[in-house]
Amino acid sequence: MIIRAEKIASLLFALFFAYFLKSTILDYATEPKVIGGIDFDRPIAQVMPWTPIYFPLLLSAAFGYWIWPTKSYPSLARKMAAGSFAIIRVTFVTLFISLLCAGFGAFYLTFPRLMKSEILPALATAFFGAFQGTAIMSLFHGIAFIAFGVFFGSLIVLVAHGASKCLALPSSGSWDERVQTDISPLPTLLRSPTKWSWPSLIAGLFAVTIALAGFRTAGLPIIILWAAYLLPWGILWIALGMAIGFVSRHWAWCVAVSLPIGYLSTTTHAPDGILASQSIYFPPVLLATLLGFAFARKFLRWHAPRTAAG
């Protein structure tokens, strides 16, 4: 079920990216258009590449669903790498599909004027034109596409991994024991990461919503703003995350601590709206605190057997 949810998330990303390409860097019509009327020097009418928007959307969604890896990996890092590589392929194939559909639209307009000997060369021109356009676009936007793939691929894997841990119910035990797991006392919730189902979901949804709001407001260049804000204060926030990791066992506290820090950072120079300002300052704080939290938990796991032996 988790793998199927990941495949659906990859499908939704392909839909989003196909529409994003049409709205930003690609220039093709969504209905048949002829450019400049009739030119007596050219036997074939000049046409603008066009395609109904649902053609690239459906083809990209099918590829995104099919390409997502179904193999089980021994570690979360390898799963994130496989997911990122899959989404990177989705971005470039979606670009190719969009250009190819637009090229076929131009071929459709010129088809009534083509002779039989010109049909196959025209089809080949549509294919090679799509390859050429993909290569040229990749030279200018390839780094951004790779960043998109790494970010969204890792995000899908992390959300699915967190959901699989939080929503897993005990395989054995009575109904009373399962109910007790969900309504455990607050001190038990603060100490045990396995009993944090709803706080984990709320914290994860909060973080993902703010990050996506940043991409919606500023697009991919917001990563540059995050890096510029992270560099001066990153070490301090990593230390704060390590302190959280030594005191608590759950990462949701990093979200709770990062929110007020991001809010205080917006008091001096904030964009319009709380969500827009938090989308600039909250994600880098959360990233640094989570990194420190992971270091602290790893350190404790390394030294736990020695401490128990001593």
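**View 1. Helix H1 against helix H3.** H1 and H3 pack at an angle of about 35°, with their axes 10 Å apart. The model is predicted: local features need pLDDT of at least 70, side-chain atom pairs count only at pLDDT 80 or more, and totals for chains, interfaces and linings use all residues. Residues are numbered from 1 along each chain as its sequence is written, and side-chain values use heavy atoms, without hydrogens and water. Helices are DSSP runs (H or I, at least four residues), numbered from the N terminus. Axes are lines fitted to C-alpha atoms over the stretch in contact, and angles run from 0 to 180 degrees between N-to-C directions. H1 passes H3 in a right-handed crossing (the near helix is turned clockwise from the far one by less than a right angle). From H1, the contact (heavy atoms within 4.5 Å) takes in Glu 6, Ser 10, Phe 13, Ala 14, Phe 17, Ala 18 and Leu 21. H3 supplies Lys 79, Ile 87, Val 90, Thr 91, Thr 94, Leu 95 and Ser 98. These residues divide into eight nonpolar, four polar and two charged. Ala, Val, Leu, Ile, Met, Phe, Trp, Tyr, Cys and Pro count as nonpolar, Asp, Glu, Lys and Arg as charged, and the others, Gly among them, as polar.

**View 2. Helix H1 against helix H4.** H1 (residues 2-23) packs on H4 at an angle of about 150°, with the axes 10 Å apart. The two are therefore roughly antiparallel (angles over 145 degrees). Their crossing is right-handed. Among the H1 residues in contact are Ile 2, Ala 9, Phe 16 and Phe 20. H4 residues that meet H1 include Phe 145, Phe 148, Phe 152 and Ile 156. By class, the contact has 13 nonpolar, two polar and one charged residues.

**View 3. Helix H2 against helix H3.** H2 (residues 54-67) and H3 pack at about 155°, axes 9 Å apart. That makes H2 roughly antiparallel to H3. H2 passes H3 in a right-handed crossing. Phe 55, Leu 59 and Phe 63 are among the H2 residues in this contact. On H3, the contact includes Arg 89, Val 93, Ile 97 and Cys 101.

Terms used. Angles under 35 degrees count as roughly parallel, over 145 as roughly antiparallel, 65 to 115 as roughly perpendicular and the rest as oblique.
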